[in-house]
Structure formats: C-alpha cells, structure tokens
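Dear colleague,

My findings follow directly after it.

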Amino acid sequence: MCLPAARPRLADLTGLALSFTCLLHCLALPLVLLLAPALSRWIALPEGVHAAILLLALPAAAIAMRDGWRQHRRIAPAALATIGLGLLALGLSAHEGWIAAADPEAADRLLTSVGALTLAAAHLVNWRWRHRSGGHKLPA
C-alpha cells in the first residue's frame with residue numbers, strides 16, 4: 001500500500017507538537033503558577049490533560065515511526081519513541097497515584113518531561129533520517 005508522502009511528515013510534526021506541548025505543560029505551567037498564585041484558578045488544566053496527550057501521542061508516534069522505518073530501515077527512532085511513551089505513561093501513573101512515589105508531583109513532572117524530550121528526539125531523528133533517504137522506500 002502506497003502512503004501519501006505528507007502523512008508520515010504530518011505524524012512527525014504532530015508528535016513533535018504534542019511532545020513540546022507536554023514539556024511546556026510540565027515545566028512552564030508550574031513556573032507560571034508559582035509566579036502568579038492568584039491566577040492558578042484560571043490557568044489550571046483539567047485532570048484528563050495527561051491522559052489525552054498520551055492518547056494523542058501514541059498513534060502519532062506509531063504512524064510516524066512505522067512510516068519512517070519503511071523508508072530508512074533504522075530501529076533507533078522507534079526505540080526512542082517507545083522509551084519516551086513509556087516514560088509518559090509512568091508520569092501519568094505517578095500523577096494518578098497508581099505507582100508509589102515519595103513525591104508524586106515531582107515524579108510526574110520529571111518522568112513526563114524526560115518522556116516528552118525523548119519522544120521529541122525520536123521524531124526529530126526519524127524526520128532527519130527519512131529526509132536523508134530522499135523520501136524513497138528502501139527495498140525490504
């Protein structure tokens with residue numbers, strides 16, 4: 001089955017955007033809340049944000065990594081993406097209290113931030129290697 005060239009690119013861009021949105025949420029929002037406690041009532045995001053970001057990141061990463069592998073035949077981006085998604089899931093687990101942590105908020109922030117950066121790196125590497133392959137699928 002031949003896929004349009006724009007689909008894997010869009011999946012990588014979506015994955016990057018979601019990864020950086022997640023990172024921004026984890027790092028910038030607490031800083032904003034710390035600097036402006038009076039605004040925290042209006043800035044607070046719904047509880048389901050972590051799960052929603054993860055549920056959006058999963059298919060974007062799967063599509064991007066699968067289509068990237070079909071072009072460049074390198075497993076590293078998919079391995080990085082799997083690690084990143086796993087860390088995001090652990091961050092969600094810490095946030096929800098499903099795993100024991102001395103400081104669940106700090107564990108959530110750390111795991112989610114590292115996971116988002118790892119996933120973003122996977123998308124960047126995948127995009128670069130796909131670009132280097134010239135957009136042509138390699139023989140199996």
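In which helix do Glu105 and Arg109 lie, and how many residues apart are they? Both are in helix H5, at a separation of 4 residues, or about one turn of the helix. Please note that this is a predicted model.

Salt bridges

The side chains of Glu105 and Arg109 meet in a salt bridge, with an N to O distance of 3.8 Å. Glu105 counts as exposed at 57% relative accessibility, while Arg109 is partly exposed, its relative accessible area being 32%.

The count of salt bridges comes to 4. One of them joins Asp12 to Arg130, with the closest N and O atoms 2.5 Å apart. Because Asp12 lies in helix H1 and Arg130 in helix H5, this pair ties together parts that are 118 residues apart in sequence. Asp12 counts as buried, at 0% relative accessibility, and Arg130 also counts as buried, at 7%.

Arg66 forms a salt bridge with Asp67, where the closest N and O atoms are 3.1 Å apart. Arg66 is partly exposed, with a relative accessible area of 33%, whereas Asp67 counts as buried at 3% relative accessibility. A network of salt bridges links Arg66, Asp67 and Arg70.

The nonpolar core

The largest nonpolar core has 18 residues, and Leu85, Leu88 and Leu119 touch the most other members. At least two residues of this core are supplied by each of helix H1 (6-35), H3, H4 and helix H5 (104-132). H3 contributes the largest share, 7 residues. Leaving aside residues up to four places away in sequence, Leu85 touches Leu54, Ala57, Leu58, Ala61 and Leu119.

Helix H3

Helix H3 covers residues 49-72. Its 24 residues should span 34 Å at 1.5 Å a residue, and the end C-alpha atoms are 33 Å apart, which agrees. Just after H3, Arg73 takes a positive phi of about 60°.

The surface

Leu90, Trp98 and Ile99 make a nonpolar surface patch of about 310 Å². Leu90 is located in helix H4 (residues 76-96) and counts as partly exposed, at 38% relative accessibility.

Yours sincerely

Definitions and conventions. Residues numbered from 1 in each chain as written. Predicted model: local features only at pLDDT ≥ 70, side-chain atom pairs only at ≥ 80, totals over all residues. Heavy atoms only, no water. Patch = residues over 30% accessible without salt bridge, like charges linked within 9 Å, V, L, I, M, F, W, Y side chains within 5 Å. Areas by Shrake-Rupley, 256 points an atom, 1.4 Å probe, with all protein chains shown as cover. Buried < 20%, exposed > 50% of the residue type's maximum accessible area, 1.4 Å probe, protein only. Expected span 1.5 Å × (residues − 1). Core = buried A, V, L, I, M, F, W, Y, C linked by side-chain atoms within 4.5 Å. Contact = heavy atoms within 4.5 Å.
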